[in-house]
Amino acid sequence: VKKLGYYTYKLLTEKLEGADWDNIQTIQESDNIYIYKFINENSPICVIWWDYFDEAIYNTGDTKAVILNVDFTGNALITKAVPNAEIGKNLNESEYPDFFETNIEPVIGGQAIITLGTSPVFVEAENQE
């Protein structure tokens, strides 16, 4: 049975395929928020996570919002990096990648508000998919 991590790794390699690994930009490494920007075939994609366990609200189910400066217009596609299931055997592989939760946030003035929880997220222009 494939574990959740298998699908997370599969999505990661697909999202970052063709990325320029010599020019990764560190956007933030403070306040328990980590944001890294990759250029993937001339399109930006950010990987973001919140080390929530380092904060006092550990295990409360809370979220944290961050404002991300982006260099695209329209909408930001946010994809959680961990599948929406408790264990891997609950996933139907033929439904990949639809079992990753996604949402759309508007880009206003070059910024998108990203709500972080316990799962890392990928943020990219909506029309890249």
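**View 1. The salt bridge of E93 and its surroundings.** In this predicted model, E93 is partly exposed, with a relative accessible area of 34%. Its partner in a salt bridge is K2, and the closest N and O atoms of the two residues are 2.9 Å apart. This pair links distant parts of the chain, since E93 belongs to the loop between β5 (75-80) and β6 (102-106), whereas K2 sits in the segment before α1 (4-15), 91 residues apart. K2 is likewise partly exposed, and its relative accessible area is 34%.

**View 2. The salt bridge between K15 and E124.** Here K15 forms a salt bridge with E124, and the closest N and O atoms lie 2.5 Å apart. In general, side chains of opposite charge can pair when their charged atoms come close.

**View 3. The salt bridge between D71 and K37.** In this close-up D71 forms a salt bridge with K37, with 2.7 Å separating the closest N and O atoms. Because D71 lies in the loop between β4 (64-69) and β5, while K37 lies in strand β2 (residues 33-40), the pair ties together parts that are 34 residues apart in sequence. K37 is buried, with a relative accessible area of 13%. A search of the whole structure finds four salt bridges, among them the pair shown here.

**View 4. The six-stranded sheet.** The strands of this open sheet follow the order β1-β2-β3-β8-β5-β6, and their pairing is antiparallel. At the edges stand β1 (25-30) and β6, each of which pairs on one side only. From one strand to the next, the twist averages 20°. As a general point, strands of a sheet pair through backbone hydrogen bonds, either parallel or antiparallel.

View 5. Strand β3 (residues 43-50) and β8 run antiparallel and are joined by four bridges. Within this pairing, I45 stands opposite E124 in β8, and E124 is also the residue that forms a salt bridge with K15.

Note on methods. Residues are numbered from 1 along each chain as its sequence is written. This is a predicted model: local features need pLDDT of at least 70, side-chain atom pairs count only at pLDDT 80 or more; totals for chains, interfaces and linings use all residues. Side-chain values use heavy atoms; hydrogens and water are left out. A salt bridge is a side-chain nitrogen of Lys or Arg within 4 Å of a carboxyl oxygen of Asp or Glu. Helices (H or I, at least four residues) and strands (E, at least two) are DSSP runs, numbered from the N terminus. Buried means under 20% relative accessible area, exposed over 50%, partly exposed in between (1.4 Å probe, protein chains only). Two strands pair if DSSP finds at least two bridges between them. Axes are lines fitted to C-alpha atoms, for helices over the stretch in contact, and angles run from 0 to 180 degrees between N-to-C directions.
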